[in-house]
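Me: Could you take a close look at one part of this model for someone who has not seen it before? Please describe the loop, and then the elements on either side of it.

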Number of protein chains: 2
Amino acid sequence: MSKPLILVTNDDGITAPGLRALVRYMNEIGDVVVVAPDSPQSGKGHAITLDIALYSKRMKIDLENGANEEYSCSGTPADCVKMALQELLDRKPDICVSGINHGSNSSINVIYSGTMSAAIEAGIEGVPAIGFSLCDYSWNADFEPAGESIKKIVREALLNGIPPGVVLNVNIPKLEAKDFKGIKICRQARANWKEKFDKRTNPMGKDYYWLTGEFELLDKGEDTDEWALANGYISIVPTQFDLTAHHAIQNINNWNLNA
Amino acid sequence: MSKPLILVTNDDGITAPGLRALVRYMNEIGDVVVVAPDSPQSGKGHAITLDIALYSKRMKIDLENGANEEYSCSGTPADCVKMALQELLDRKPDICVSGINHGSNSSINVIYSGTMSAAIEAGIEGVPAIGFSLCDYSWNADFEPAGESIKKIVREALLNGIPPGVVLNVNIPKLEAKDFKGIKICRQARANWKEKFDKRTNPMGKDYYWLTGEFELLDKGEDTDEWALANGYISIVPTQFDLTAHHAIQNINNWNLNA
């Protein structure tokens with residue numbers, strides 16, 4: 001039986017330690033091809049590049065533990081997936097994994113996440129996909145404790161299949177492997193960012209702003225990803241790209257729009 | 001009674017004719033403040049700006065038909081909304097309207113849309129929000145036929161309230177006003193883009209790519225936005241930012257993840 005073809009991408013860029021760890025884990029499961037941004041793309045959401053040309057470059061980053069093939073791409077995470085599927089790969093991959101992100105993509109962060117936008121792009125194009133994020137923003141984060149769980153999730157996804165129209169958002173708490181309580185299927189916690197703009201004046205006398213903020217959890221549910229992470233579980237939120245709020249259709253049908 | 005405060009933004013930039021038309025219509029309903037990107041931001045999805053500073057500039061674009069206050073912002077559409085709500089406005093707006101986009105944001109396009117990401121950002125922050133798009137990519141598109149319907153939708157939204165967690169995605173077919181069949185509440189049609197990368201070689205001998213593609217409708221439903229638009233209706237899709245695929249939780253709970 002041939003090994004599964006695994007497309008690995010991310011949003012922190014092709015040299016990020018999180019991606020290198022994911023490549024090592026995926027090498028144990030299948031044939032790995034990396035197509036990842038040539039520079040960090042955090043917070044890029046589901047951006048695509050329409051008005052500038054894209055460059056792609058075949059390279060070899062890690063001769064010992066690297067992938068079969070690796071390509072950097074000058075675009076966004078969603079661009080990388082599009083380019084991989086349409087231009088660089090010989091056949092459709094069996095699964096696309098994105099990450100491991102340096103930092104959480106739980107709760108409302110999924111909306112801003114480049115890591116998840118790559119996975120969602122693969123999902124839109126009919127490729128089973130999973131985004132992995134570790135709740136540790138540090139560039140030197142320790143990805144090793146997450147390794148066994150990540151391999152288990154990918155193997156189960158290949159075995160059972162991910163339902164069509166669904167992409168998995170996996171977040172991993174910053175813990176020693178022995179302290180993981182388990183893996184929990186969750187819903188996205190309701191939350192937002194309480195922004196604060198840090199206003200400064202540049203040497204030319206012009207005001208500018210840095211976007212900062214605090215995460216504000218608005219959800220006490222024990223079935224959420226935030227609860228799971230706070231209680232030592234790895235969270236999996238099945239995530240969809242049909243954004244229709246079906247429950248709201250009836251309500252809005254009562255508006256007086258066609259009088 | 002005081003007039004409603006209306007925040008107007010978009011992704012085509014503060015000078016775009018679609019935004020200028022929306023400002024004119026909103027001036028008939030409330031007090032209008034514009035906070036919009038200083039340059040086109042199409043396809044930016046829900047990008048936010050984390051690693052560069054943001055600039056904002058008070059300006060007056062259209063002395064006759066402009067808004068009470070107008071600000072350009074150097075960031076993405078989502079940045080504009082964050083900056084408006086946290087920094088520039090004295091009070092929370094009664095509604096945020098984004099657009100009118102030059103081009104469709106129906107179906108899967110909602111995922112890539114800067115117009116909708118601005119509306120969704122407002123929704124996340126608890127402000128009722130609507131994105132408007134005209135199915136005409138031309139910079140000189142005729143926005144006048146859509147005017148009465150846009151005002152009707154905004155007035156009904158102010159009167160009835162938009163359900164919490166829901167943002168409206170309104171798309172308008174390119175028709176004369178007399179040819180509109182009505183306004184239809186729809187679900188997002190299933191579709192994707194069949195990408196084609198146009199590969200070229202630059203004068204230095206290096207290959208580069210343009211991302212192009214064809215829209216591929218994968219949905220024959222007559223309750224979709226695509227059906228509505230093709231049949232002369234203005235479509236409204238209630239859109240949510242809780243991306244949880246609740247229907248898939250049970251399925252994935254059967255995987256063997258905690259053995």
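Reply: **A loop and its neighbours**

Ser107(A) counts as buried, at 1% relative accessibility (buried is under 20% relative accessible area, exposed over 50% and partly exposed in between, with a 1.4 Å probe and protein chains only). This is a predicted model, in which local features need pLDDT of at least 70, side-chain atom pairs count only at pLDDT 80 or more, and totals for chains, interfaces and linings use all residues. Residues are numbered from 1 along each chain as written, chains are lettered from A and ligands numbered from 1 in written order, and side-chain values use heavy atoms, without hydrogens or water.

Although Ser107(A) is not a glycine, its phi is positive, at about 55 degrees, and its place is the loop between S5 and helix H3 (114–124) of chain A (helices, H or I, at least four residues, and strands, E, at least two, are DSSP runs numbered from the N terminus). In chain B, Ser107(B) sits in the loop between S5 and H3, has a positive phi of about 55 degrees without being a glycine, and is buried, with a relative accessible area of 0%.

Turning to the strand, Ile100(A) belongs to S5 (residues 95–102) of chain A, and a cis peptide bond with omega of about -10 degrees joins Gly99(A) to Ile100(A). In chain B, a cis peptide bond links Gly99(B) and Ile100(B), with omega about -10 degrees, and Ile100(B) lies in S5 (residues 95–102).
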